[in-house]
Amino acid sequence: MKTMKRICRMLAALALAVCLVGAEMSPVLAVTQAEIDSLKNEAKELGDQKKELEAKLKELANDKSKALEQKKLLDQQIDNTSAQIKNVETQIADYADLITQTEAELADAEAREAAQYELFCQRVRAMEESGEVSYWSVLFGASSFTDMLTRLNDVNEVMDADQKVIDDLKDLQAEITAKKEQLEDSKAEREAAKAELVNKKSELDKQRQQAIALVNEINDNEEENQATLDALDKEEERILAEALRKSRELAAQQAAAGKSTQSNPGGYIWPVDSRYVTSTVGGRASPGGIGSTNHKGTDIGRVGYTSPIYAAKSGTVIVSQYSSSYGNYVVISHGSGNTTLYGHMSSRKVEAGQYVNQGDVIGITGSTGHSTGPHLHFEITENGVRINPLNDGAEPRKGYLTGYTLA
Ligand SMILES: [Zn+2]
């Protein structure tokens with residue numbers, strides 16, 4: 001897979017990077033900006049791959065919901081077909097009952113015919129024994145032709161009556177047999193319908209199984225992609241941390257080499273052209289004393305929305321982002337736990353990882369985040385502790401910035 005190949009390539013690059021990091025433990029080798037840029041490029045490439053995977057995951061989720069929809073539809077069709085099968089089975093059972101009933105009727109008619117026939121035979125035998133109805137005796141025993149006709153007529157009448165009963169019974173049997181055949185036809189028809197429905201249901205069952213298999217396959221795919229995405233996340237984070245670490249190292253090297261062009265060596269310059277301070281660290285002196293407010297920085301007003309903000313000291317940008325309180329803000333690391341922070345910018349001009357010289361424009365003033373009007377919120381941290389950037393001239397000297405006006 002394309003993704004897997006990419007990950008392999010990335011891991012190989014990473015292994016190489018780790019080797020390089022190991023090599024850099026030797027003090028001879030120095031960090032270069034090119035190395036940092038290369039790491040950032042790698043991170044960007046990972047970011048692109050992540051986006052691709054995220055798009056794929058979205059697509060898979062879409063496919064899954066479609067497959068589930070299809071399965072739901074099939075479930076409904078299967079329920080429907082099952083109900084039809086049950087219905088047709090009831091009809092078949094009804095026909096079977098009716099057929100059993102007609103079979104009984106037929107047997108009854110046949111028995112009655114047999115009985116009637118037996119009766120007829122007995123009568124003929126009895127008549128013959130008594131000499132009454134022997135055809136010949138009828139013919140030759142007659143006293144006259146008229147007598148013979150009368151006698152014959154009598155015999156025929158008896159025989160006709162018997163014959164009629166038998167004929168009626170035969171008609172009834174034919175009728176019942178026809179009825180039974182019709183019922184059997186109907187039953188066969190219903191059975192054919194049932195067979196068709198059973199086929200249909202088995203086809204639907206098969207489709208349902210396919211839909212379930214598809215959902216399972218999508219789930220597996222999702223899991224696989226998610227795992228890859230997580231791995232990419234970790235590598236990206238790791239590379240970015242590495243880039244940041246190297247940036248700090250580079251800043252330290254540059255500082256050690258005296259590369260920083262500091263117009264104010266060891267100190268800080270004003271981050272804006274305005275010297276109008278509207279709020280100081282800890283807030284304005286309050287009658288209650290310490291801790292009455294907890295303003296963490298120095299607010300410099302009369303800056304509008306378009307003034308340049310300068311790096312107060314050379315260093316590496318470690319934060320350049322938006323927060324709900326600081327708005328657009330930048331933090332520059334000057335090494336050894338020394339940082340400067342610039343808040344409420346209308347726009348940021350630098351990125352995390354970038355090295356800036358003192359006086360470089362890092363952003364434009366504004367009023368983003370928790371702010372009531374345009375001003376620069378400025379903080380200096382030394383050895384991890386916020387200090388007051390302002391120097392009021394008193395000894396021992398505390399801050400660095402002089403020549404300001406307090407509002
Ligand atoms: Zn502030």
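This is a predicted model: local features need pLDDT of at least 70, side-chain atom pairs count only at pLDDT 80 or more; totals for chains, interfaces and linings use all residues.
The protein donors themselves are His295, through NE2, Asp299, through OD, and His377, through ND1, and they lie 1.9 to 2.3 Å from the zinc ion. Histidine 295 sits in the loop between strand E1 (276–279) and strand E2 (298–300), while histidine 377 belongs to strand E10 (residues 376–382), so this pair ties together parts that are 82 residues apart in sequence. Is histidine 377 buried or exposed? With a relative accessible area of 6%, histidine 377 is buried.

Let me turn to the nonpolar cores. The largest one has 24 residues, and of these Val330, Ile332, Tyr342 and Ile362 touch the most other members. Strand E5 (327–335), strand E6 (338–345) and E10 are the elements that give two or more residues to this core, and E10 gives the most, with 3 residues. If we leave aside residues up to four places away in sequence, isoleucine 362 touches a list of residues including Ile309, Tyr310, Val330, Ile332, Tyr342 and Val356. Apart from this core lies another, of 9 residues, among them Leu39, Leu46, Ile239 and Ala243.

Finally, the largest pocket holds about 230 Å³ of space. Its lining includes Ile36, Lys40, Leu240, Ala243, Ile318 and Glu351, and helix H2 (33–129) and helix H4 (145–256) each supply at least two of the lining residues. By type, the lining of the largest pocket divides into 7 nonpolar, 2 polar and 3 charged residues.

How values were computed: Residues are numbered from 1 along each chain as its sequence is written. Side-chain values use heavy atoms; hydrogens and water are left out. Donors are N, O and S atoms within 2.8 Å of the metal (3.2 Å for Na, K and Ca); water is not among the atoms, so sites may look incomplete. Helices (H or I, at least four residues) and strands (E, at least two) are DSSP runs, numbered from the N terminus. Buried means under 20% relative accessible area, exposed over 50%, partly exposed in between (1.4 Å probe, protein chains only). A nonpolar core is a set of buried Ala, Val, Leu, Ile, Met, Phe, Trp, Tyr and Cys residues joined through side-chain atoms within 4.5 Å. Contact means heavy atoms within 4.5 Å. On a 1 Å grid over the protein atoms alone, a cavity is a set of points where a 1.4 Å probe fits but cannot get out, and a pocket is an open set with protein on both sides within 12 Å along at least five of seven lines; lining residues have an atom within 4 Å of a point. Grid points are joined across faces, edges and corners, and a volume is the space filled by probe spheres set on the points. Ala, Val, Leu, Ile, Met, Phe, Trp, Tyr, Cys and Pro count as nonpolar, Asp, Glu, Lys and Arg as charged, and the others, Gly among them, as polar.
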